[in-house]
Amino acid sequence: MEKPLALKMAPNSLSEVIGQTHLIGEDKILTNLVKNKKLFSMILYGKPGIGKTSIANAIIKDLGIRHRFLNATINSKKDLDIVIEEAKMYDGIVLIMDEIHRLNKDKQDILLPSLENGLITLIGMTTSNPYHSINPAIRSRCQLFELKELETPDIIKGLKRAIKSSYLPNIDIDDSTINYIAKVAGNDLRFAYNLLEVSYYSTSNFKINLDIVKKINNKPVFFADKDGDAYYDMLSALQKSIRGSDVDASLHYLARLITLGDLDSIFRRLSVIAYEDIGLANPSIGPKVIAAIEAAKLVGLPEARIALGTIVTEMALSPKSNTAHVALDEALNDIENGNVGDIPKHLKNPSTTYKYPHDYKNAFVKQQYLPNKLKNKKYYHPKDLGYESKLKEIYLYLENLKKD
């Protein structure tokens, strides 16, 4: 079966790699390693389609060294054993391992001694953040290199290289169509190659225009693997944008999440934001969020976007306060550190010394509620913002009554 265009366009040398100029180029790290014919164990991490496998293979081709390719998910312990035996036979081997973050403990136990003694030089590849997802014992034996997202000019450069190659004979395509393919591909060069190839073979005369490409794919692609960091980065960006009162950014990230169709994650995150970031500055936002969620559930997509867009706009423009949950976190911290003390006797059940506030003016009576050890502790520090400014007036009034 014929290889896809993306594989045919794989670089044969580091000098042919597109992008990653912070690692590749004159006097850059990976280029100098190849130039000095020296290779260390490393982990290449970053989003799909930006060149991890291409760089690993290019290094091997430039150095002309013995290597084997494994996938941490697919290949077994036996496969790893075979590579280690081959390494012993030839006094070393380079192991290129995809999905390195999925390497289970049994395989790690087999690999680690050979990494330690230099018998195996590892080039690991992952879309996950290695600081979170890779075993520290393996991570400590590798240099970590983050690959950056490709920019649109990088994608265009790759597409033009493919168009000039011998793999798409008689292709006819204009710059506006090339630019459109680059745009919908996002930062994924592999996707761009695939879209170009499908478009090429979907014509009778190999003439590609915008209409043809749009019939195949008109939805921008962005990386949002739910098992990877980028998906959670998107949810985090939504929350931080709402917290920062940037309504345009909030709507942008909401749109990206809606495009994925995962409403449940949106519902959960908005519910958190309502209380974590807006809180007492606008306590009505909590019920409003629940109402918007119920409306979105009732109508489903695409109409769900209307309720969600409305509530996210209000959330972004709402005054913000985190005082309540910060106060609770401080109280929890005291408890976790053993800073508690005995409950005052008059608060215990039953008690003959407890003063019932409803029997007093304004339902207030001066008595101690915190344990003696914490009697002067202040967890709550109100903000003079939105609805909470009213709560602050009440809080200060009550504090003054306590002093009197």
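Colleague: Are α8 and α9 oblique or roughly parallel to each other?

Modeller: In this predicted model, helix α8, which covers residues 152–164, packs with helix α9, residues 175–184, at an angle of about 125°, and their axes lie 9 Å apart. Angles of 65 to 115 degrees would count as roughly perpendicular and those over 145 as roughly antiparallel. The relation of α8 to α9 is therefore oblique.

Colleague: What is omega of the cis peptide bond that joins L301 and P302?

Modeller: P302 is placed in the loop between α15, residues 285–299, and α16, residues 304–317. The bond that joins L301 to P302 is a cis peptide bond, and its omega is about 10°.

Colleague: Is D27 buried or exposed?

Modeller: D27 belongs to the loop between α1 (5–8) and α2 (29–35), and its phi, near 65°, is a positive value in a residue other than glycine. Since exposed means over 50% relative accessible area, D27, with a value of 62%, is exposed.

Colleague: What is the relative accessibility of K37?

Modeller: K37 is located in the loop between α2 and β1 (42–45), and it has a positive phi near 50° although it is a residue other than glycine. K37 counts as exposed, at a relative accessibility of 66%.

Conventions
Residues numbered from 1 in each chain as written. Predicted model: local features only at pLDDT ≥ 70, side-chain atom pairs only at ≥ 80, totals over all residues. Heavy atoms only, no water. Axes fitted to C-alpha atoms, helices over the stretch in contact; angles between N-to-C directions. Helix = DSSP H or I, 4+ residues; strand = E, 2+ residues; numbered from the N terminus. Parallel < 35°, antiparallel > 145°, perpendicular 65-115°, else oblique. Buried < 20%, exposed > 50% of the residue type's maximum accessible area, 1.4 Å probe, protein only.
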